Amino acid sequence: MAKSSSTFVCNACGNTTSKWSGRCEACGAWNTITEEAPLTSGPAKKTLGGSRGRATPLTDLSSSEAPPPRTSSGLSELDRVLGGGLVPSSAILVGGDPGIGKSTLLLQAAALFARAGLGVIYASGEEASAQVRMRAQRLGLADAPVKLAAETNLRDILTTLEQERPALAIIDSIQTMWADNVESAPGSVSQVRAAAHELTNFAKRRGMAVIMVGHVTKDGQIAGPRVIEHMVDTVLYFEGERGHQFRILRAVKNRFGPADEIGVFEMTGGGLSEVTNPSALFLSERGQPSPGSVVFSGIEGTRPVLCEFQALVAPTPHSQPRRTVVGWDGGRLAMILAVLEARCGIPFAGLDVYLNVAGGMKISEPAADLAVAAALLSAREDVALPPETVVFGEISLSGALRPVSQTELRLKEAQKLGFSSAIAPAGGKTGESGGMTLNQMGDLTAFVGDVFGAG
């Protein structure tokens, strides 16, 4: 016999009754009534209510218990990062620097999901409803069927979501939410943890997707306890330099799709517009070939992306030379400089080294080692590489060049953008080169001797 505090809700029409029955009295549907626990005012005695607490063999799961299909937003870049679309009952955390465009992106996504037929509620704890409406008018989204709420009390928000039963709720931001059963100030570790836990559990119980916006610290990490990223299903970072119009949405965790996938957007006066060919965008400002400029063919998630490495090597007036890096790992740069000196006899002592990834892009894969070495040598020797050449490859501490994954995909992307030659490690699976001239090198010494004529 069910407890008196439990309620039974029809999944077809939303009718609520105090007891279970096989047929809904309101709509007449069969086997659609499920038990749902009420909203908790404190720590619950049971984390899962009703039949959810029982263990079920994987082989006994029927097709009727399979999750509903994903919902596409219409933004191909956003759908790519989400793994193909929005998954019901999922919790998504979006982080980024202040003013980078998180609220703009989510308001555009909310309008697109609402126009696709989903019930959407946008709850803002930082802006009033009138301010959100003004932003929607500026973006041309004033006619979108999105419901707005300006509230910071978590209990009121959950009660509203319980009554409205939307398919998607956007919480902007999780740091402004406060739970009345937690004795601490809003934005504290305990408040953020409690709010994220309640919203995630609510999403799982009610079959609703929740997108939470998270502030970031000065180190670029999402503020609050690290356990928040373990609670949610997907963690996205919205990156970009304020001096550039490019914005990159990067998935660092995704239970429903590939991690490290990226979506590229461009900030315009009318909001964020998606970039379907990011390689052409990152190389659009590239002028005539100059020393220190090298094009790298990289892989971000499942997508090939071409970007430009820029290096500058100059004599230093200081006793300690500078090593400045933007968009790449500084420790990796120190390793490349040490390998060049130890294995190739090319010293950088007494020289300032500056390395930059053009366009505000951030590169993390080891396949960029050879492109960085080529940029450093080009800047040091004041010799420009041919403008139609791309470079990629990983450098080991012994000076050997290791083959990288998805070589064929990198070459196809480079050829599509008009590059005719590539420098890569020997041993990679190149497939059909398609007319490209491929120079495969075995070690760094051979690369230096062949390209720059010294070793």
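This is a predicted model: local features need pLDDT of at least 70, side-chain atom pairs count only at pLDDT 80 or more; totals for chains, interfaces and linings use all residues.
**Exercise 1.** Work out how the rings of Phe296, Phe309 and Trp328 are arranged.

*Solution.* A pair of aromatic rings is described by the distance of the centres and the angle of the planes. For Phe296 and Phe309 the centres are 5.9 Å apart and the planes stand at 65°, so this pair is edge-to-face, given that planes over 60 degrees apart count as such. Phe296 belongs to strand E13 and Phe309 to strand E14, 13 residues apart. Next, the rings of Phe309 and Trp328 have centres 6.2 Å apart and planes at 85°, so they too form an edge-to-face pair. Trp328 lies in the loop between strand E15 and H8, so its pairing with Phe309 ties together parts 19 residues apart in sequence. Phe309 is buried, with a relative accessible area of 0%, and Trp328, at 10%, also counts as buried, because the limit is under 20%.

**Exercise 2.** Determine which residues of helix H11 are buried, and where they lie around the axis.

*Solution.* In H11, which spans residues 444–452, the buried residues are Leu444, Phe447, Val448 and Phe452. They cover an arc of only 95° around the axis, which puts them on the same side of H11. The buried residues of H11 pack against several elements, including helix H8, helix H9 and strand E20. At the N-terminal end, Asp443 caps H11 through a side-chain oxygen 3.4 Å from the backbone nitrogen of Thr445.

Notes. Residues are numbered from 1 along each chain as its sequence is written. Side-chain values use heavy atoms; hydrogens and water are left out. Buried means under 20% relative accessible area, exposed over 50%, partly exposed in between (1.4 Å probe, protein chains only). Helices (H or I, at least four residues) and strands (E, at least two) are DSSP runs, numbered from the N terminus. The arc is that of the directions from the helix axis to the C-beta atoms. Contact means heavy atoms within 4.5 Å. A polar contact is a pair of N or O atoms within 3.5 Å; within protein, one must be able to donate a hydrogen and the other to accept it, and residues adjacent in sequence count only if both atoms are side-chain atoms. Rings of Phe, Tyr and Trp (its six-membered ring) pair if their centres lie within 6.5 Å; planes under 30 degrees apart count as stacked, over 60 as edge-to-face and the rest as tilted.
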